[in-house]
Amino acid sequence: MTVSTNPGAAADAAAPTETHRSRGPLWAALALILGVALGIGIGLSIPHFTKPGDDSVEAGFLRDMSTHHAQAVEMSMIAHQKSDDAEIVYVANDIALTQHGQIGYMQAWLRDWDLSPTSSQEPMAWMPNSAGSIVNGLMPGMATPEQLTKLRAASGKELNTEFLTLMRQHHLGGIHMAQEAVKLSDNKDVDWIAESMVKSQQTELGLIDDLLKKVQAS
Amino acid sequence: MSTPGPERVPSSVKVTKTSGQGKPPAGSSAAKKTGGGKGPAGKGGGGGKGRKPVTPVKVAGGRNWGPIAVAGVVVLVAVGIIGYGVFAAVQGSRSWEDKVSEIAGVVNYRKQNNAAINDTSHKQGPQQYVTSPPVGGAHNSTPQNCSGDVYDAPIANEHAVHSLEHGAVWITYKPGLAADQVDVLKKKVEGQDYTMMSPYAGLDKNVSVQVWGFQYKTDDVNDAKIDEFIKDTRLVSALEPGISCSGGNTTTGPLQASAGNGAVMNK
């Protein structure tokens, strides 16, 4: 760094700067390229380390709850179409639209995370000690194919009773899963939707119980 | 400080680096540059400066390898992490079409751009399909229910193709396939939304699994490629994202005359 300086060169002080500026652009370009490459690399990799992975609790819950919700939508659509009770028709409408909307949220997050909306994992694999809760591939609270067939064939009081009974069971299973997700998930979006499911389905359970009493008394 | 002029020179020269100092006439390259850049004649001190022999500044002989090694390792680790992240990001965003196409034996009908297969219109009555089982084409307005539905008898192509449009994986098997083998397939469907299965008359292999535009046939129900196919295509193959697999026809057998106007929904 130190230089033997000719005192007489005072006036010349600026000269060497100009001489060597010719190499400046080269270094600047190199630094720029390096910086841009590093920036792109970090930008691409950071989201990967911050979003839930393919076998995470969050992804597992969103996939399984999508399937669980889909059946609630299916049963509600049947009741909406066939029930002769205005209150049941409305609660069925409510459940179908809410849960189908929530499926949209859940699928969109999986897509944001570059994950498949489905997986080949066993249902509920994200939940510890869940092995025994799956019967013929069905998650807790889900209606069996036989129960669905019966619901499709039913009408009048039988349909109303069957729908409310199946939906009561379905909500209980769904609330349990959502509560587990709240406990296990680290993602604020997942926590938010799971908490809202617990709250709204618990409220709906009260309504379903009231309707069941009314239908059975009729 | 106290003495103006000469005293202040070193600091300003220092900033502008070392080598150019006094070189012009001595070093050939430096001379060329200096000469081209600006004439030494212009400045009074230029000449005197040039005569002074100056030894080129040398980089210290012994390098300090310790910090260099540490820095190297840090850089390597950083590049590794970033590289993995980039790789994972690129890998994660690979399309499902690419993934399923890479499974050996899968036929990609979407690539063929066959108008008969690409046809998404609703048509009443029986339809002709160019593949067996069909993988796309005009279909009945009512889909077959595909929320993990296991049908024990053949279903109508016209309903099934509509389900494919909704993102369903349709597993078909040769009628008469041993019960324990059918059970293996059943396990892939039960409780799995956007799947359905049924026997299919006239199959050339024991199993054919299809989504809209892709098909894989095998004789082995335990063929791992069946699972791979399902994993890569289920739901994402939907032509209408967000659509459901429920609310469709749940009966088996050929197309009913009444089908096509929505009259069979949930019957």
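Start at A:Ala178 in this predicted model: leaving aside residues up to four places away in sequence, A:Ala178 touches A:Ala194, A:Met197 and A:Val198. The residue is found in helix α6 of chain A, which covers residues 156-184. Is A:Ala178 buried or exposed? With 25 other C-beta atoms within 10 Å, A:Ala178 is buried, because the cut-off for that label is 20 or more. For a sense of distance, take A:Ile193: 15 residues separate A:Ala178 and A:Ile193 in sequence, and their C-alpha atoms are 8.5 Å apart in space.

Now zoom out along chain A. An unreviewed UniProt entry annotates residues 58-211 of chain A as "domain: DUF305". That span is 74% helix and 0% strand, and its end C-alpha atoms lie 34 Å apart.

Over to chain B, where the UniProt record (again unreviewed) marks residues 68-90 as a "transmembrane region". In the model, residues 68-90 of chain B are 100% helix and 0% strand, with 32 Å between the end C-alpha atoms.

Chain B also has a sheet to look at. It's an open one of six strands with mixed pairing, ordered β1-β6-β5-β3-β4-β2. Strands β1 (107-108) and β2 (147-150) of chain B each have a single partner strand, so they stand at the edges with one side lacking a neighbour in the sheet. Finally, helix α7 of chain B (residues 157-165) lies across β3 (169-173), β4 and β5 (207-211) of chain B, at about 140 degrees to β3(B).

Definitions and conventions: Residues numbered from 1 in each chain as written. Chains lettered and ligands numbered in written order. Predicted model: local features only at pLDDT ≥ 70, side-chain atom pairs only at ≥ 80, totals over all residues. UniProt positions renumbered as here; feature names shortened; annotations may be inferred. Helix = DSSP H or I, 4+ residues; strand = E, 2+ residues; numbered from the N terminus. Pairing = 2+ DSSP bridges. Contact = placed C-beta atoms within 7 Å. Axes fitted to C-alpha atoms, helices over the stretch in contact; angles between N-to-C directions. Buried ≥ 20, exposed ≤ 12 C-beta atoms within 10 Å, placed from the backbone.
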